[in-house]
Amino acid sequence: MRSMATRARNPGARARRRAAAACALAGALALFGVASPTLAGANVTGITVYAASSLTDVFPAIDPGPAYSFAGSNALAAQIQLGAPADVFASANTSIPAALYAKGLVEQPVDFTRNTLVIVVPKSNPASISSIYDLTKPGVTIDIAGSGVPVGSYTLQILANMNLTKAVLANVVSEETDVRDVLAKVALGQVDAGFVYSTDAQTVPGQVTVIKVPAWAQPKVTYAMAVVTHSPNQAAAQSFVNEVLSKAGQAKLLSYGFLPLVKPAEKIATRPPAKHRPGKHKTTDGG
Amino acid sequence: MRRALAAIAFFGASAIALAFLVLPLAALLTHRSPATLVSALSNPVVGDALLVSLKTSAVAQALVLLFGTPTAYMLATRRFRGRTLLLTLVELPIVLPPAVAGIGLIVAFGRLGLAGGALSALGIDVSFNQAAVVAAVMFVSGPLYVRFAVAAFGAVDGQLVAASRTLGAGPLRTFFRVVVPLAGGGLAAGAALALARGLGEFGATIMFAGSLQGVTQTLPLAIYAEFDNNLDVALSIAALFVIITGAILLSLKLTSVWHSSRSDSRYRAASFASS
Amino acid sequence: MTAELTRSQLLRGGVRGGATLLVAGSALGAYAVSAQAAPPSGAVGPLAAADLANTRLLIGVELLLIDFYTNAIASRHLRADAEADARLALINEAEHYDYLSFVLTSAGLVALTSADVDFTYPAGAYYTADSVTALAVTLETLALGAYLGAAGNLTNPVLAGAVAQIGANEAQHVSVFSQHAKQPAFHDAFPAPLTTAEASDALDGYTS
């Protein structure tokens with residue numbers, strides 16, 4: 001009796017309570033969403049990211065929100081030194097951001113991915129290149145990036161490690177300012193071979209063939225990024241950096257062929273996979 | 001009052017325009033001290049680029065004059081079907097973006113290009129060497145010269161040519177002794193502009209000939225490469241450029257003035273005006 | 001110290017058993033000497049660029065062998081005698097690596113470590129005891145060829161001598177695992193050396 005009377009006296013109370021609870025829930029969700037912009041699918045807008053050319057495809061895939069400017073890392077660093085309006089700087093090596101940090105132009109850089117170099121040859125392979133040692137043959141034309149560009153400096157390190165510097169540089173016909181220019185010239189068949197990142201070679205699958213650079217001669221290729229000191233959007237810039245470092249961002253980088261910052265423990269298959277049973281599609285790996 | 005306002009507006013606009021054009025040139029020469037600029041010039045990059053630029057521009061200019069002059073004369077004096085179309089085609093590279101010119105040269109004369117196979121069969125190598133630079137420079141500067149030469153030849157009075165012929169001079173003698181001196185001002189203007197344009201060519205060169213110090217890296221390519229590495233060197237090359245091209249244009253203007261002061265041939269004045 | 005670091009890497013890599021005790025007691029700051037034999041003592045001296053390149057290649061070969069033996073032991077497929085030999089071979093390879101790495105670091109350079117290289121093996125390489133021993137013979141033959149070729153190319157006599165010693169040890173490994181694989185213990189009177197290019201290309205087959 002009493003409850004019925006209570007209900008009669010406060011017809012909308014229950015509805016109001018439900019509405020309040022719904023509002024609180026929505027508010028909490030919204031707050032949660034705002035507080036962690038690194039949730040998958042979140043876009044950071046209103047910032048400009050200066051990034052190395054090899055990141056042209058993967059960065060917009062991680063976050064299409066920012067405005068991007070892709071070029072050789074040294075070209076971007078030169079622009080930042082002249083006051084270009086960048087909020088984040090991502091370089092294909094650690095030394096360029098470190099130099100900018102020493103000048104107080106960026107905050108502390110952080111490593112975010114690794115890569116390897118490969119040799120690419122045109123699909124028709126006019127000079128019949130099958131290994132890096134074939135690049136020393138007379139008459140072969142090679143394209144590399146300039147020594148100020150990270151990939152160019154890595155190329156020179158590889159050649160020094162293998163003691164092929166003189167022989168290969170004798171066949172170099174052009175030095176580009178951008179790794180994608182090297183890739184384009186090889187893809188067009190203008191040169192017999194070029195040195196690019198393995199991730200770049202994956203962007204033009206049918207047009208080039210990849211020749212391995214020996215693992216024992218590979219330099220340590222680590223990419224680093226930093227928030228630009230004079231950026232007016234420090235928080236948004238930092239959240240972009242966090243996005244790249246997040247699990248989703250790192251997974252995206254791996255899917256584009258970049259290497260994880262720490263090599264995962266090796267898994268060796270010590271048993272053949274279990275045989276299929278008719279009707280079942282699951283396979284189990286031995287390792 | 002209105003006349004004063006008009007005068008102020010007139011001069012104000014001119015001042016702004018002149019300042020806009022002159023400021024970058026002045027800044028190039030004054031951003032760093034002359035001592036810094038001169039010492040940066042001692043960088044081997046600069047010497048190599050200067051040598052490559054002078055060599056390739058000289059060869060390109062010679063070829064442009066050699067092939068461009070008869071072409072321009074033919075286009076100026078003969079009337080034939082498709083003349084307008086041909087004139088447009090010849091002038092097209094002037095307005096084409098240099099990058100388009102670069103791609104065009106690659107797919108025409110590059111190793112796997114339209115004429116690439118034929119060229120390599122003939123033993124001609126136009127790939128990442130100075131011949132490629134010359135080709136790129138000719139492609140962008142040649143049409144400029146031809147355009148001016150066509151205008152210059154067109155301004156020559158046909159009656160004088162006819163008179164020369166009736167007086168017994170052969171076609172070649174007429175050409176060299178009558179036509180060329182009459183068109184001289186316009187030809188010289190076209191040649192000077194073509195030379196300056198060729199010296200400054202960047203897009204077609206870097207795409208078709210590549211950039212290698214001492215081989216194909218011309219002055220503009222050196223500026224581009226050094227901008228990322230050593231700003232002082234880039235500035236000094238740029239300042240050098242301003243001086244060189246300024247000298248070319250200035251000498252052209254001064255010789256034209258000298259020519260027209262020597263005789264008041266209205267044909268010379270007309271050909272100068274058409275430049 | 002580099003010598004210590006590589007040992008801890010081995011330990012993390014899963015080398016089991018008391019074999020590690022043998023190598024644990026190493027001298028600090030200098031190249032460690034095992035109970036058996038020692039490489040030529042004394043400084044190697046200045047090294048030509050070609051010698052440095054060869055050393056880097058051989059370091060790559062050693063990392064491959066270390067990785068292989070670690071996996072072979074971890075696969076638990078090897079018979080007891082073969083596994084014992086694999087453990088001894090692993091100790092040998094670790095000492096080879098330590099010496100070559102020491103040569104590079106003495107020259108002021110950084111040596112490759114197992115964290116820097118990812119090795120891949122043909123499918124089914126570790127499925128049975130036979131496949132593992134067959135792979136052991138293949139890899140040891142590769143190593144032997146690389147060391148023979150290097151011994152012929154190196155200009156520094158101290159380094160060339162050490163490389164020859166290592167090659168002799170690798171030949172012992174070839175012989176032992178050939179017997180485990182039911183192959184003749186030895187046959188070639190002049191085992192074939194590999195040129196730098198051949199050794200590098202062969203090594204490429206085991207990297208991703």
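Helix α6 of chain C, covering residues 157-180, has 24 residues and reaches 35 Å from its first C-alpha to its last, close to the 34 Å expected at 1.5 Å a residue. This helix belongs to a predicted model, and α6(C) is followed by C:K182, whose phi is positive, near 60°.

**Chain B as a whole**

- Chain B contains 13 helices and zero strands, and from the N terminus on its elements run α-α-α-α-α-α-α-α-α-α-α-α-α.
- Taken along the principal axes, the C-alpha atoms of chain B fill a box of roughly 75 × 65 × 35 Å.
- Of the 275 residues in chain B, 37% are buried.
- When contacts in chain B between residues at least 6 apart in sequence are considered, 78% of them join residues at least 24 apart.

**The two domains of chain A**

- Chain A is divided into domain 1, made of 48-114 + 222-255, and domain 2, made of 117-217, and 26 Å separate the centres of these domains, taken over C-alpha atoms.
- The contact between the two takes 13 residues from domain 1 of chain A and twelve residues from domain 2 of chain A.
- On the side of domain 1 of chain A that touches domain 2 of chain A, helix α4 (residues 73-81) of chain A gives the most, with three residues.
- The residues on that side of domain 1 of chain A divide into four nonpolar, eight polar and one charged.

**The largest nonpolar core**

- The largest nonpolar core has 197 residues, of which A:V88, A:F89 and B:A136 touch the most other members.
- Helix α7(B) gives the most to this core, with 18 residues.
- Because domain 1 (48-114 + 222-255) and domain 2 (117-217) of chain A both give residues to this core, the core lies between them.
- Not counting residues up to four places away in sequence, A:V88 touches A:I47, A:V49, A:M225, A:V227, A:V228, A:A237, A:F240 and A:V241.

**Contacts between chains**

- The contact between chain A and chain C takes 17 residues from chain A and 24 residues from chain C, and the side of chain A that touches chain C divides into nine nonpolar, four polar and four charged residues.
- The contact between chain B and chain A takes 13 residues from chain B and 15 residues from chain A.
- Helix α11 (residues 219-229) of chain B gives the most to the side of chain B that touches chain A, with five residues, and by class that side has seven nonpolar, four polar and two charged residues.

**Positive phi values in loops**

- Most residues other than glycine have a negative phi.
- B:F128, a residue other than glycine, has a positive phi near 55°, and its place is in the loop between α6 (116-121) and α7 (130-154) of chain B.
- B:F128 counts as buried because it has 25 C-beta neighbours inside 10 Å, where the cut-off is 20 or more.
- C:R76 is not a glycine either, yet has a positive phi of about 65°, and its place is in the loop between α3 (49-74) and α4 (80-106) of chain C.
- C:R76 is exposed because 10 other C-beta atoms lie within 10 Å, where the cut-off is 12 or fewer.

Terms used
Residues numbered from 1 in each chain as written. Chains lettered and ligands numbered in written order. Predicted model: local features only at pLDDT ≥ 70, side-chain atom pairs only at ≥ 80, totals over all residues. Helix = DSSP H or I, 4+ residues; strand = E, 2+ residues; numbered from the N terminus. Expected span 1.5 Å × (residues − 1). Domains from an automatic or database assignment. Contact = placed C-beta atoms within 7 Å. Nonpolar A, V, L, I, M, F, W, Y, C, P; charged D, E, K, R; others polar. Core = buried A, V, L, I, M, F, W, Y, C linked by C-beta atoms within 7 Å.
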